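Keep the viewer open as you read.

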Amino acid sequence: MGQEDRLFVHPRLIVLEIPGKGLGVFTRTAMGEGEVVEISPVLVMPPEARTLLDQTALHDYIFEWGWESRQCCVAWGYISLYNHSYTANCEHFMDFDNNIIMIRTVRAIDAGEELTINYNGAWNETRPVWFDVQ
């Protein structure tokens, strides 16, 4: 199936396989700084579910959730497929009251560029993430 034959959640975004890395979210068009890329509802789960999900392949796709980070959530759309970067070109915002996550660019982005977020929260946070610590 060619790139043009795929179904798109958002006409400006596409999910592609990155050799040796897995899936990633890419932009099909240039984007400006501060542009909202995606807003996604989330399915919030209690701490007990997080303990179980941490033992499955979904562990890599869930987000910590809530003011005390005891819950977890799965985001719909492409949100759970954005890869981590310590120099991310996007940032994510968690709205705990409305159960949504928003992705916004932090700089201008070229067409065809992978969109990344920093899993630590702040787009420029340098603290090692869990998979770099192991």
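Does Phe96 count as buried or exposed? Phe96 counts as buried, because its relative accessibility is 19% and buried means under 20% relative accessible area, exposed over 50% and partly exposed in between, with a 1.4 Å probe and protein chains only. Before going on, please note that this is a predicted model, in which local features need pLDDT of at least 70, side-chain atom pairs count only at pLDDT 80 or more, and totals for chains, interfaces and linings use all residues. Residues are numbered from 1 along each chain as its sequence is written, and side-chain values use heavy atoms, with hydrogens and water left out.

Stay with Phe96 for a moment. The structure holds two aromatic pairs; rings of Phe, Tyr and Trp (its six-membered ring) pair if their centres lie within 6.5 Å, and planes under 30 degrees apart count as stacked, over 60 as edge-to-face and the rest as tilted. Trp65 and Phe96 have ring centres 4.7 Å apart and planes at 90 degrees, so this pair is edge-to-face. Trp65 sits in strand β4 and Phe96 in the loop between β7 (90–95) and β8, 31 residues apart. Strands here are DSSP runs (E, at least two residues), numbered from the N terminus. Both Trp65 and Phe96 are buried.

Trp67 also pairs edge-to-face with Phe96, at 4.7 Å centre to centre and 80 degrees between the planes. Because Trp67 lies in the loop between β4 and β5, this pair ties together parts that are 29 residues apart in sequence. Trp67 is exposed, with a relative accessible area of 72%.

Of its 20 residues, Leu13, Val37, Tyr82, Ile101 and Leu115 touch the most other members. Elements giving two or more residues to this core include β1 (13–18), β3 (36–45) and β8 (100–105). A second, separate core of six residues includes Met45, Leu53, Ile62 and Cys72.

Finally, find the open sheet of four strands, with the order β1-β2-β9-β6 and mixed pairing; two strands pair if DSSP finds at least two bridges between them. Its edge strands are β1 and β6 (83–84), each pairing on one side only. Two bridges join β6 to β9, and these strands run parallel. His84 has Ile117 in β9 as its bridge partner.

Methods
Core = buried A, V, L, I, M, F, W, Y, C linked by side-chain atoms within 4.5 Å.
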